[in-house]
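Please read these comments with the model open.

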Amino acid sequence: GTNLTLVDLLSDDIERSLQQYVGDAAGAAALANKGIRDKADLEALKDTIMFEQSALGEQGLARGQLDAIFSQFTGGAHKGFIMGRETSGVSPLTSMLTKATRASLLQRAGLTQLMDTANLFVANGVQNVMEPVMARLGWNRPGTMSKAEYKNLYDELQSLGVIVGQDHMLFRPHLSIDETELANNVYMQIGQSALNSVERATNYASGQIHVTAAQQMVSAAAVTTNVLRALAGQETNLTNRMLRDIGLEPKEISDIVDLIRSGVIEVNGGNVKLNSSQWAAHMGDEQAAELANEFGAAIFRAVHQQVQRGLVGETSVWMNSDIGKLLTALKTFSLTAVQKQTARNLMIGGRQHFLRAASWQLGFAYAVLTLSQTAQGQEMSATDRARLAVAYSATLGVAPMVVDPITTMLGFDDLNFSPYGRYTSYLDTPVFE
């Protein structure tokens, strides 16, 4: 006999259950799009990868690494792989500890998020970013993008599936569904729920949600303008390699160029009109639908390369473990897959692109730190502020994570970059005192 009833097996956490279902469905759809219809197909693919590695005599991915990678598509907490061992993800206790730490130290996350704006300027150029920024504010001069034109472009992008500026409504990263399962103990579940609410409130009150939304919307408009200007023959910073990197292959480029030349897509300097409702009349329903899907996906991909969000594949599998979570809990920069993004920037633009990105990021970090310290009435020398800016740079921020522990162990705290040493007072007083 048992005292359990059917209602005991039902979840009353609608928010978590809905997000879990959306994640499962999205992962299944992504695999199905590549011909992987069920778990048997997925296991067969893993077996094939292992067999081909063995046949080539290569020491590539371990089976545990493959399981961890594909766990990002199959629902539940993402598995990890660290020091040759597979993990089941981050434990509820570790997740709670890191949430409490972030909530107590990062009340100015909105100001920190402002630093990501540097990525928009690097990727799109100053003019393509400033026009939508000024249009949002209603400050543009005659002949440039107006507020109404900016809104029309944003609405058109939404019709192509480019949903940006609404992450706080569509996604719930504070639930940590991807990193940890729901705790078994009822008190731990209460603790998880409470800290989830605290973290979301922190992100809201600090302005981080609002800044991210604005950045994504401006980025979508800037990317679209930059791409269409490049394909219209105007001078931009984009190369064919950069277009291919965001997912625009020669076929899509040819179709878009044809639409521009025929006047369906209008490109007038920095003001562009997609007129996507007219694409089908020019090229047929099926081709227009395919182009809309590919173009929308390319813009969406570019936006999230510039305004970082932890999409599938952006987090290294070693981070999906208790050790990995603790090591990365207090990183001050937003980039999630440092080695991948650094390699990508070097491949698509070379050393010059990498150095330009580092310069813009350091400049924005320095400016935001100056603004923050002025608001708090704190003083710091220009040299020390520049060193602190390195810790907040997406391109260079990993260096302090390596250097600071070594200098601290050697007793040279004054050489640290990170704010968690000499400049602890730079941060607000922890809320959990």
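The numbered points below take these topics in turn.

1. This is a predicted model, in which local features need pLDDT of at least 70, side-chain atom pairs count only at pLDDT 80 or more, and totals for chains, interfaces and linings use all residues. Residues are numbered from 1 along each chain as its sequence is written, and side-chain values use heavy atoms, with hydrogens and water left out.

2. Five aromatic pairs turn up in a search of the whole structure. The ring centres of Phe70 and Phe73 are 6.4 Å apart and the planes are at 45 degrees, so this pair is tilted (rings of Phe, Tyr and Trp, the last by its six-membered ring, pair with centres within 6.5 Å; planes under 30 degrees apart are stacked, over 60 edge-to-face, the rest tilted). Phe70 is buried at 13% relative accessible area, whereas Phe73, at 23%, is partly exposed (buried is under 20%, exposed over 50%, partly exposed in between, with a 1.4 Å probe and protein chains only).

3. Phe121, Trp360 and Phe364 are linked into a cluster by ring pairs. Phe121 is also among the buried residues of helix H6.

4. Helix H6 spans residues 117-124, and seven of its eight residues are buried (helices are DSSP runs of H or I, at least four residues, numbered from the N terminus). Gly125 follows H6 and has a positive phi, near 90 degrees.

5. Val403 lies in helix H19, residues 398-409. At 32% relative accessibility, Val403 is partly exposed.

Key:
Helix = DSSP H or I, 4+ residues; strand = E, 2+ residues; numbered from the N terminus.
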